[in-house]
Amino acid sequence: MSRTLNLGILAHVDAGKTTLTERLLYEAGAIGAIGRVDDGTTLTDSLDLERRRGITIRSAVASLVIGDVSVNIIDTPGHPDFIAEVDRVLGVLDGAVLVVSAVEGVQPQTRVLMRALRRLRVPTVMFINKIDRGGADVAAVLREIQRRLGVRAVPLTEASAAGTRAAAVAKAAPDGLIDALADDDEALFAAYVADSARVTPDRLWAALAEQTAKSLVCPVYAGSAMTGVGTAELMDGLVSLLPVAEPDDHGPGAGRIFKIERGAAGEKIAYVRMFSGALQVRDRVRDDADKVTGISVFERGAWVRRSTVRAGDIGKLSGLAHVRVGEAIGSSAQDAAPHHFAPPTLEARITPDRHDQHVALRAALAQLVEQDPLINIRSEPSGELSVSLYGEVQKEVIQATLAADYGIAVTFRETSPLYIERPVGVGAAEEILNSPTNPFHAAIGLRVEPASGFAFRLDVDYQSVPLYVYRNVDEFAAAMQEYVRAALGEGLYGWQVNDCLVTMISSNYSIADGPPSRRGPLATAADFRKLTPLVLMRALRQAGTRVCEPMSRARIDAPATSLGSVLGMLARHGAVIHGQSVHDGSVSVEADLPADRLPGVQRALPPVTNGDGVLESAFAGYQPVRGEPPSRRRTR
């Protein structure tokens with residue numbers, strides 16, 4: 001069995017990552033011709049909209065072989081509207097290539113991606129692309145990488161004739177490696193000082209690979225994905241510097257689902273990365289009836305039907321009707337799959353152009369949510385549906401997908417902010433059995449209080465748990481947590497309630513032969529589920545909630561001469577300035593503003609900076625809204 005490298009290709013949009021993917025596949029012999037993004041002929045951009053727009057929307061998997069290493073390449077979206085797609089991929093990677101344009105340099109999304117890669121300690125190699133384009137300046141981009149990305153970049157190739165069609169690369173001098181590696185390898189530095197001749201190139205390379213695997217340094221290659229210059233050097237570096245997974249069938253089967261799509265017949269297909277052990281056809285991956293009915297794995301550039309997917313491999317699984325994106329298979333240290341990127345901050349109402357397609361639209365959107373769980377679908381009291389979004393391009397993608405895959409033409413209303421609610425104080429409520437206000441055969445008490453994030457606690461006697469319904473107290477606690485989480489989808493003003501601790505303080509249920517206070521039909525799980533939102537809402541009314549709006553932290557880099565105009569423009573958009581600095585004739589301004597005003601800043605920036613301003617933004621949490629809080633409810 002060959003070794004495996006699961007590799008992510010990441011970049012700001014238009015930096016050339018899909019072209020680089022095509023070049024790597026071609027150089028390895030996995031494809032016979034290089035597709036072009038502009039022509040819509042690339043292997044990994046298979047959606048019609050991807051081909052029309054020339055951008056990657058859904059992560060795609062391709063495979064090639066370098067030496068004795070099977071490399072699964074995951075081409076990820078570069079547009080910030082699809083950052084959640086990138087989020088799901090990062091947790092299954094052995095390493096990554098972050099592509100930067102030699103002309104545009106470090107761009108806003110480049111910084112977002114590098115921060116995520118460093119936070120998750122994903123070993124990363126950088127590729128400075130497009131050195132053959134006019135205006136390419138590799139030395140300037142290297143300085144930007146050091147200054148703006150905060151990484152210890154180690155150039156492994158040197159570019160010549162950059163900015164021309166004659167651009168070429170050569171191996172960089174080894175002296176720079178000692179300087180880059182000495183800080184974290186005292187033994188290497190001491191050996192070099194004692195006798196530099198004894199520090200062989202092999203030892204240097206081994207030290208570089210070790211520090212790359214620990215995310216201490218970032219090797220940097222330069223070249224052109226379009227012409228192939230520098231890609232051979234990059235391919236050698238990928239398999240010798242990034243940690244390669246060794247085949248291992250031992251240990252329990254453990255993996256993670258990172259992508260879901262639908263097959264030609266509408267069946268669910270789940271992409272899994274296996275971390276240990278193996279998964280076979282007919283294996284069950286959860287407690288319910290889900291059973292693997294088919295497995296495909298990559299072998300030399302093609303999906304091949306197999307009976308087993310092993311540690312290190314990426315496989316496609318059939319038969320898992322209930323599995324979700326981000327779900328762990330088995331148990332391992334890789335189980336937790338937290339989302340590290342911002343939640344959607346916008347929403348828009350969506351209606352079918354044909355009135356008789358409301359039911360079909362709801363079903364189609366439910367399938368899209370399976371593929372992107374950070375998209376949320378909510379029913380309005382009017383019967384319309386609302387979709388949470390990252391941006392306008394994502395709206396276009398949903399619209400095109402519904403038309404092409406489901407035959408449903410839809411219209412979106414104007415996009416609006418997606419607010420949340422937070423409890424202000426502590427509130428508690430309780431329902432008892434057989435009371436006039438309780439139509440159910442269960443009784444619960446809930447307490448709500450402010451917290452960081454969401455948490456649920458069970459604080460009841462085990463004898464108050466209907467163990468004929470739930471197998472044990474832990475299962476009851478898990479069920480109640482889901483009931484509570486669902487009920488928090490709409491608070492006092494109709495927005496999702498976040499940042500709260502909910503404690504179950506009492507529980508009871510009716511039984512046929514019990515005392516008068518408990519006598520009645522046997523309680524069911526539905527009684528507890530249906531009673532939860534009624535009690536929780538009463539507790540929230542006692543606690544009170546505050547509506548908060550999503551905020552963005554914006555950084556603008558512009559000529560120093562435009563500082564006054566930039567500050568005035570930000571003030572008009574309700575931004576609060578946090579800092580500004582001037583260096584080398586340019587100014588950097590950081591400010592916080594409501595997320596829904598960010599598009600206005602993007603449109604206003606070019607005129608006030610003569611087209612030389614660059615905007616970078618990130619999610620900055622939530623702040624209480626000023627004035628009358630917006631409400632989704634007609635009455636409170």
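Phe476 is buried, with a relative accessible area of 0%; buried means under 20% relative accessible area, exposed over 50%, and partly exposed in between, with a 1.4 Å probe and protein chains only. This is a predicted model, in which local features need pLDDT of at least 70 and side-chain atom pairs count only at pLDDT 80 or more, while totals for chains, interfaces and linings use all residues. Residues are numbered from 1 along each chain as its sequence is written, and side-chain values use heavy atoms, with hydrogens and water left out.

## Aromatic pairs

A pair of aromatic rings is described by the distance of the centres and the angle of the planes. Here, rings of Phe, Tyr and Trp (its six-membered ring) pair if their centres lie within 6.5 Å; planes under 30 degrees apart count as stacked, over 60 as edge-to-face and the rest as tilted. Helices (H or I, at least four residues) and strands (E, at least two) are DSSP runs, numbered from the N terminus.

Tyr468 counts as partly exposed, at 41% relative accessibility, whereas Tyr509 counts as buried, at 11%. The rings of Tyr470 and Phe476 also form a pair, with centres 5.2 Å apart and planes at 65°, so the pair is edge-to-face. Tyr470 counts as buried at 5% relative accessibility. Elsewhere, one aromatic cluster is formed by Phe258, Tyr271 and Trp303.

## Charges over rings

A charge sits over a ring if NZ of Lys or CZ of Arg is within 6 Å of the ring centre and within 35 degrees of the ring normal. Tyr509 has the charged end of Arg518 over its ring, 4.8 Å from the centre. In the aromatic cluster, Tyr271 has Lys259 over its face, at 5.7 Å from the ring centre.

## Strand E18 and its partners

Strand E18 (residues 346–352) is mostly covered, with six of its seven residues buried. Two strands pair if DSSP finds at least two bridges between them. E18 pairs with strand E20 (residues 385–389) in the antiparallel sense over five bridges, and Ala348 stands opposite Val387 in E20.

Strand E21 (residues 410–412) runs antiparallel to E18 and is joined to it by three bridges; Val410 in E21 is the bridge partner of Pro352. With strand E22 (residues 416–417), E18 pairs in the antiparallel sense over two bridges, and Leu346 stands opposite Pro417 in E22.

## Positive phi in two loops

Most residues other than glycine have a negative phi. Lys130 is not a glycine, yet its phi is positive, at about 65°. Lys130 lies in the loop between strand E5 (124–129) and helix H5 (138–149), and is buried, with a relative accessible area of 17%.

Asn610, also a residue other than glycine, has a positive phi near 55°. Its place is the loop between helix H15 (598–609) and strand E32 (614–624). At 71% relative accessibility, Asn610 counts as exposed.
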